[in-house]
Structures are given as structure tokens and as C-alpha cells.
Amino acid sequence: NCILKDTNSLGNNKAPACESRGFVHKKGDVHFDTPPFLLYLCSHKTIGIMFQEAIARYLQSSGYSQIQLKSVLFDMDGVLFNSMPYHADAWHKVMERHDLHLSREEAYLHEGRTGAATINIVYQRQYGKDATPEMIKSIYAEKSAEFNSNPEPERMPGAWEVLQKIKADGLVPMVVTGSGQHSLLDRLSHNFPGMFHRELMVTAFDVKYGKPHPEPYLMALQKGGVKPNEAIVVENAPMGVQAGVAAGIFTIAVNTGPINGQVLLDAGANVLFPSMQAFCDNWEKLHEAFGQINRTL
Ligand code: CA
């Protein structure tokens with residue numbers, strides 16, 4: 001019975017169509033094992049059940065009686081834009097230039113941290129002391145220049161399509177990013193015309209702490225005038241997932257990079273998709289599940 005529902009929806013093919021932590025019990029042919037388990041058996045019905053389980057667990061831990069979805073909060077790099085390969089490459093190259101070692105793969109794990117924090121972690125690891133503010137400023141300036149020397153990042157496959165579905169469903173999409181790159185922020189309006197309102201965006205300029213602190217997502221809730229159980233978060237990085245979860249919001253991870261999906265589940269993701277395309281393909285089922293599940297007290 002272990003069949004993949006649709007290999008086309010698997011995008012980068014690094015993970016099955018959906019994964020979840022589960023209770024130990026059986027429903028039909030599906031064995032929900034305890035944590036975590038990979039769900040290779042992805043019939044349409046099964047996916048719906050899995051979403052319901054994930055929502056039920058969220059309600060149980062958050063104390064809310066239901067998710068009344070009004071807004072979908074999107075991270076930007078690695079979710080809306082396929083910009084992470086450029087970021088990882090820029091980090092790696094510039095660090096090497098300064099005799100600091102940060103592999104492209106590790107750069108993905110630091111995604112969401114401020115540039116200063118990333119530089120300091122690597123510096124501390126090698127030299128056992130903090131990097132100076134001057135050093136941080138100059139390395140970060142080089143990193144930004146290196147990033148901007150790349151061609152413009154493409155829209156993540158599936159991102160525009162799922163946004164259109166979300167808007168058609170009467171929900172409000174918002175962007176919550178740690179990025180302070182003006183170029184990338186401006187490109188949101190070009191690549192996603194009419195989709196996002198500037199006043200409903202949270203960027204590096206709005207926050208003090210940044211992810212994994214819940215602040216960016218709490219600010220998004222405030223700006224959007226919604227409660228934690230009236231929104232969901234879409235993130236690709238472990239620290240972004242942590243931020244969404246810490247803000248008390250149902251958090252969807254899309255694994256668009258090279259990291260192991262388990263890292264995103266360990267960060268607290270309620271649902272994990274292997275790509276934005278898979279999230280898009282399963283949107284209807286997920287949205288339906290939000291309306292179906294109430295916590296019975
Ligand atoms: Ca991201």
C-alpha cells in the first residue's frame with residue numbers, strides 16, 4: 001500500500017509527499033506511528049486524515065478550539081523566491097575570503113539569523129572569541145554585494161499558483177521576512193503583482209530580534225489584526241519554523257533546500273511538504289481540513 005500519490009508533486013524529490021509526527025494508532029490501512037513517521041502512502045483521503053491529525057495536535061497543544069483561517073504568513077527567501085542557493089553561495093565565498101569556514105549546506109541551517117549572528121557564530125567557533133563590530137559590518141557588506149552580483153532569483157515553483165488559490169479563498173497573504181534587501185523587497189511587487197500589501201509586510205526594518213524569536217510573526221499578527229489561530233505560517237528554515245511555532249501559529253514547513261526534513265520537524269513544524277509545489281497541490285485538502293477539525297473539550 002506504500003505508494004507515492006503523485007511523483008510530479010515531489011519537486012526536488014528529497015522527501016516523500018508529506019510527513020508528520022503521529023499518534024500510535026491505525027486508521028484504515030494507515031499506521032500512524034509515534035514520532036516521527038514518514039507517510040509514503042499518500043492517497044487523497046489519507047492526506048486529508050493526516051492534515052486533520054496535525055491540526056488536532058496543534059489545537060491540543062495550543063489550547064485553541066479551532067483554526068479559523070484568515071491569513072497566510074509567508075516567509076520570503078526559500079519560500080516565495082528561490083534565492084537561498086545565492087545566499088548560501090555568497091556566505092560560503094565571503095567567509096572563505098576571510099579564512100572563516102561556513103559550507104553552503106551549513107548556511108541553510110543558519111537561514112533566518114541576522115547576518116551579524118551568523119558571522120559571530122562562525123568566528124566564535126574558530127577563534128573562541130567574538131568578532132568585532134567592524135569585522136561584522138565589513139563581512140556582511142561583502143556578503144550582500146556578493147549576493148546582489150547574482151542574477152535575480154526566480155519565483156519558487158508553485159508559489160504564485162498557491163497564492164492565487166489562497167486569495168481566491170478570501171484569505172489575506174502576508175510576507176514575514178528577516179531580509180532587509182531593498183532589491184528583493186521591491187521585486188515582490190513585480191513578481192507577485194497585487195498579491196501583498198506593503199503595510200502588511202514585516203521585514204528586517206520592523207523587528208528588533210528576528211527569527212527564531214517569535215517577534216516577526218507576532219508583529220505580523222498585529223499588523224494583520226488576526227489571532228494566532230486565525231493564521232498559518234509557511235517557512236523553509238528551521239529557525240523560521242521555530243519563530244512561527246513560538247508565536248503560537250500552525251506552521252507549515254516546505255523543504256526547498258538541501259537540509260534533512262527531520263530538522264524542520266524537530267524545529268516544531270506541524271506539517272512538512274517537500275516543495276512549494278507540493279504545498280500548492282495539497283492546498284485544497286489542507287484548507288478543507290482546517291474547517292473540519294474542532295477540539296472537543
Ligand atoms: Ca526562508
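Let me start with helix H4, residues 115-127, and helix H5, residues 133-148, which in this predicted model pack at an angle of about 115°, with their axes 10 Å apart. Since angles of 65 to 115 degrees count as roughly perpendicular, H4 and H5 are therefore described as roughly perpendicular to each other, and their crossing is right-handed. On the H4 side the residues that meet the partner helix are Gly115, Ala116, Ile119, Asn120 and Tyr123, while H5 brings Met135, Ile136, Ile139 and Tyr140 to the contact.

I turn now to helix H8, which covers residues 215-224. Its buried residues are Glu215, Pro216, Tyr217, Met219, Ala220 and Leu221, and they pack against strand E5 (71-74), strand E6 (172-175), strand E7 and helix H9. After H8 comes glycine 225, whose phi is positive, near 65°.

That leads us to helix H9, residues 238-246, in which Pro238, Met239, Gly240, Val241, Ala243 and Gly244 are buried. The cover over these buried residues includes helix H3 (104-110), helix H8, strand E7 (231-235), strand E8 (250-254) and helix H10 (261-266). H9, too, is followed by a glycine with a positive phi, in this case glycine 248, with a value near 85°.

Finally, I would like to look at one residue of H9, glutamine 242. Is glutamine 242 buried or partly exposed? Its relative accessibility is 35%, and so glutamine 242 counts as partly exposed, a class that lies between the limits of 20% and 50%. If we leave aside the neighbours within four places in sequence, glutamine 242 is in contact with Pro212 and Ala267. For alanine 267, which stands 25 residues away along the chain, the C-alpha atom is separated from that of glutamine 242 by 5.4 Å.

Methods. Residues numbered from 1 in each chain as written. Predicted model: local features only at pLDDT ≥ 70, side-chain atom pairs only at ≥ 80, totals over all residues. Heavy atoms only, no water. Buried < 20%, exposed > 50% of the residue type's maximum accessible area, 1.4 Å probe, protein only. Helix = DSSP H or I, 4+ residues; strand = E, 2+ residues; numbered from the N terminus. Contact = heavy atoms within 4.5 Å. Axes fitted to C-alpha atoms, helices over the stretch in contact; angles between N-to-C directions. Parallel < 35°, antiparallel > 145°, perpendicular 65-115°, else oblique. Left-handed = near helix turned anticlockwise from the far one by under 90°.
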